[in-house]
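Please look over the aromatic rings in the entry below before reading on. The notes are meant to be read with the structure open.

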Amino acid sequence: MTKESENTSEATPEKKAKKSLWWRLFKYSLILGVVGVIAAGGAVLWAIVYYGRDLPDYRQLANYEPSIVTRIHAGDGSLLTEFARQQRLFVPVNAIPEELIEAFLSAEDKNFYEHDGLDYLGMVRGNLRNVVNLLTDRPLQGGSTITQQVARTFLLTLDQRLDRKIKEMILTLRIERAFSKDRILELYLNEIYFGNRSYGVAAAALNYFNKSLNELTTAEMAYLAALPKAPNNYHPVRHKDRAIARRNWVLSRMRDLGHITKADYTAAVAEDLVMHEREGHARFEAEHFAEEVRRRIGSMYGTNALYEGGLSVRTSLEPRLQAIAERTLREGLVAYDRRHGWRGPIGRTVIDGEWAERLRAFKTPLGFPSWELAAVHEVREDGAIIGLKDGGFGFIPFEEIKWARAWRQGEHLGPSVKDTAQVLSVGDVIAVEAGAADATVTLASFWDAKGKPLGAVQSYKLRQVPEIDGGLVAMDPHTGRVLAMVGGFDYAASQYNRAVQAERQPGSAFKPFVYAAALDNGFTPASLVLDAPFVIDQGDGLGKWKPKNSSNKFYGPSTLRLGIEKSRNLMTVRLAQHIGVPTIMNYANKFGLAENMEPTLASSLGAGEVTLLQLTAAYGMLVNGGKEIKPSLIDRVQDRRGKTIFRHDERTCMPCELTWDQNQREPALPDNRAQVLDPLTAYQMVSMLQGVVQNGTGQKIKWLGKPLAGKTGTTNDSLDAWFIGFSADLAVGVFTGFDKPRSLGDGEEGSSVAVPIFRDFMKEALKDEPGVPFRMPSGIRLVRVNADTGQPATLGDEHVVLEAFKPGTEPRAGQYAVLDGSLEVGKTKSTIRKGTGGIY
C-alpha cells in the first residue's frame, strides 16, 4: 500500500463524519424552516380567519354617501343657513386638481398607486424609526397607507391595540381588491377631518382660504395636505410657524418626487400662510323663517336627511320684503312700547377709572337689534353724557329722553318728563342707538379720563327692549308662497315664532268670513242689519251673553258694508245667528280656520284660535277670487345629486316641454286650485274690506294712495291686536300682543298697534310699483247706492258708494228690509262657553 493511499484511507472516516454532521444540520434546519414557514402561514391563516370573521362589510363603501351640508336658499339664491353635523362638501375625484392629489400623495403615501394597500418597505422603515423614537423618548409615528386610513376611518376605531391593527390590514387588502385606487382616494379626500369645522378637502379650502379647489395655490395645496396628521397642531394663526414648517416639508416632498419644479418650490416656500374667513358669498339672515324651514324639512325627510343628506332647499323668501318686514315690525313694537313708558335702566355700575372694563363685562340683554350698552356719566338739563364700551363718549339730547315717562301697572304712564334727572342717574346702564352719522353734539365743561376736553361727540337715542312682541307674514295670495316672515322682535331673545306657533284669538279679523257666508246666503253689501242690544241666555247657570260694540253705542239699521267698515259686533252676531252657526263653521273650515273653533255664536266674533300664517292665507283666498291656497315656505327640494324630490307647484305643463320662440304666445298653465268661495262673493268682500281702509278702522293706511284692503282685529280687553290686509298681489298679516297675555292698555287696538306696521310695510314693499286695482270677475254689477240706507242713490245723497252686486240682487227703490233677529231670538239655544272674541 502506498503512502498516498494510506493517507486517503485514514482521512475518509473523518470527512465522512463532518459531512454527515453538516448534512444532519442542514436537514434539521430545513425541517425547522419548513415547519416555521408552515407555522407562520398557519398563524397568518388563523389570524385572517379569527380576526376577519367579525369585520365590517367593506362592500358598504361602494354605496357610501358621506354626511354633507344641507343648504337653505332664499328665492333669489341667497344662502339663508346651513344644517350639518359635519361641515362637508363632497367633490368627485375627477374634479379634484391633479396637483392637490400629488400634494396628498407626497405627504401621506407616495407609493399609493403601486402597492396593494400595504407598503411593506414603508412598514419596516416605520418600525425601525419607532425603535429609535422609543430609545429617545420621542412620540411614535404611524406609517399607514391611504387605504389603511380609509379602512380605519370608515370601518374601525382609532385605538392602538394590536388586534385592531391586524383587522385594519385585513380590511385594507379586501378594500384594494374591491375598489379602484381613484375610488379609495375619493373616499379619503372627502371624509378626513382638517380642523376648523372642516370635513373633506373642499370644505377645508373654503374655511381656510375662502377658495374653491381649483383656485388654490401650490403652497395652499401643500398646507391642506399637511393638516390630516394633526390639524390642531398646524393652525395657520395659533401655530403659524409650525404650520409653515409642515407645509414646507410637504413642498420639499413634492419637489423630490418630481411633482413640482425647483422654481415652483422656491416660490411656494416664499409664500406667506394667510387664513381667510369665508366671505363674499351672498348670504341673508332670516332666523325665524329659516328655523321654520328646518322644522318642516325635518318633518318631511327626517333628522338624518336634514343634517347629513346634503339637500338643496330653495325657499319662497324674498330678501327685500324680509328686510322690510323685520324693520317695520321692530319699529312698530318699539313705537308702542315708547307710548307706554320707561321701565328703568338695565343695571347699574360705578363711574370711576375702570368703568369701561366693567361695561364691557356687563352682560348684554337679549333682544338688542343694532343697539349698544352705555353708562351714564353725567346728567344735564339738556341731556345726558354717556360712556361706551370702547371707552368713548356720546350724548343723548333731552328730545330723545322726554318720551320716557315712568311705566305704571296696566300700561299707564307716569307724569310728563321735564328734566333728564327724572329718567336717568349717573351710573345707569342703558341701551342706546346711534343717531345719524353727522349728528354730533359739542360738549362744554366735560373732560375725559386724560383731562382733555371732550369736544364734539356722536348723538345717541335712548332705547328700551319692548315687552310686547308680534309677527308679520307677507304672502303671494295666488300661490300661498310665503315671501317674508318675522316671528318676533329679535330671534336671539326668543326663538318662539309668533307667526306660526302662536295660536291666538283673531277678534274682528275673523268677521269677513261671517260676512262672506252671509253674501252667499241671500245678503248683499247693501243689506240692512239692526245694530241694537242682543241678549242670549247661555243656559246651565252661565247667565246671559250680552255682546257689545266697542263704543258701547247702538246705531240702528246699517248696511253690511258699514258693519264691517266700523267692525260692528252686534250686527255680526245677528248675521251669524240668522245664517246659523253650522254654516259659519263650514266657512271657517273652507278657509282653514276651524281647527280651534267651537260651534258657538262667540266664534263669529273671533273667539276661536288661529295662527297669523293661517289667517293671512285665508285673506289671500279672498283677494285671489276664492281659490284655495296652502301656505308654503319651500319651493323645491333637491337631493345631493340634484334630483328634485319635492316641488310646491305640482302643476304639469305639457306645452312647456315643446320648443317655442319669442314669436309664440306663452303656454297657458293649468289652474288646479279648488274653488272655496264664489268669485263674485270674493270680490264683494274685497270691495267691502277696501272700505275698511277708506272709511273704517284702517283709515291710517288710506294716505298711501294705492288700492289696499283689510280688516283690524282686537280681542277682549285688548289682549291682541291684528291687521290682515292685501293689495291685488300681496297679502300681509300683522299680529301684536304680549306672550303672556295682558291688556295692551286703554285705547290700544288693531288700528293703533297693528295698522301702522302694515302701513309702513306696504309703503316700502309697493314703493316702486304702480297701484294695481283689484281684479273684478265678469258678472259683477256696480250700482251707486246710498251708503247709509243701502237704497239706490238719488240726487242730493251725501254718502254714495259704488257697490258691487251679483246679477239680480241689485237694490230697488222702495224695498227696505232689515234683519232684526226678532224671530230668531226666541228660538236660540246656543250655549256660549268661552269669551266673546273681538269687540272692535
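Predicted model: local features only at pLDDT ≥ 70, side-chain atom pairs only at ≥ 80, totals over all residues.

1. The model holds 19 aromatic pairs. One of them joins Trp-342 and Trp-403, whose ring centres are 6.0 Å apart. Their planes meet at 80°, and over 60 degrees counts as edge-to-face, so this pair is edge-to-face.

2. Where do Trp-342 and Trp-403 lie in the chain? Trp-342 is in the loop between α13 (319-339) and β6 (347-348), while Trp-403 is in the loop between β9 (393-397) and β10 (407-408). The pair therefore ties together parts that are 61 residues apart in sequence.

3. Both tryptophans fall under the 20% cut-off for buried residues. Trp-342 has a relative accessible area of 9%, so it is buried. Trp-403 is buried as well, with a relative accessible area of 12%.

4. Another aromatic pair is made by Trp-355 and Phe-393. The distance here is 5.6 Å from centre to centre, and with 50° between the planes the pair is tilted. Trp-355 belongs to helix α14 (residues 355-361) and Phe-393 to strand β9, so this pair links distant parts of the chain, 38 residues apart. Trp-355 and Phe-393 are both buried.

5. Which residues do ring pairs link into a cluster? The members are Phe-510, Phe-513, Phe-591, Tyr-619, Phe-726 and Phe-774.

6. Charged side chains also lie over ring faces. Lys-181 sits over the face of Phe-112, at 4.5 Å from the ring centre. Arg-568 is placed over the face of Tyr-555, at 3.7 Å from the ring centre.

Methods: Residues numbered from 1 in each chain as written. Heavy atoms only, no water. Phe/Tyr/Trp six-rings, centres within 6.5 Å; stacked < 30°, edge-to-face > 60°. Helix = DSSP H or I, 4+ residues; strand = E, 2+ residues; numbered from the N terminus. Buried < 20%, exposed > 50% of the residue type's maximum accessible area, 1.4 Å probe, protein only. Lys NZ or Arg CZ within 6 Å of the ring centre and 35° of its normal.
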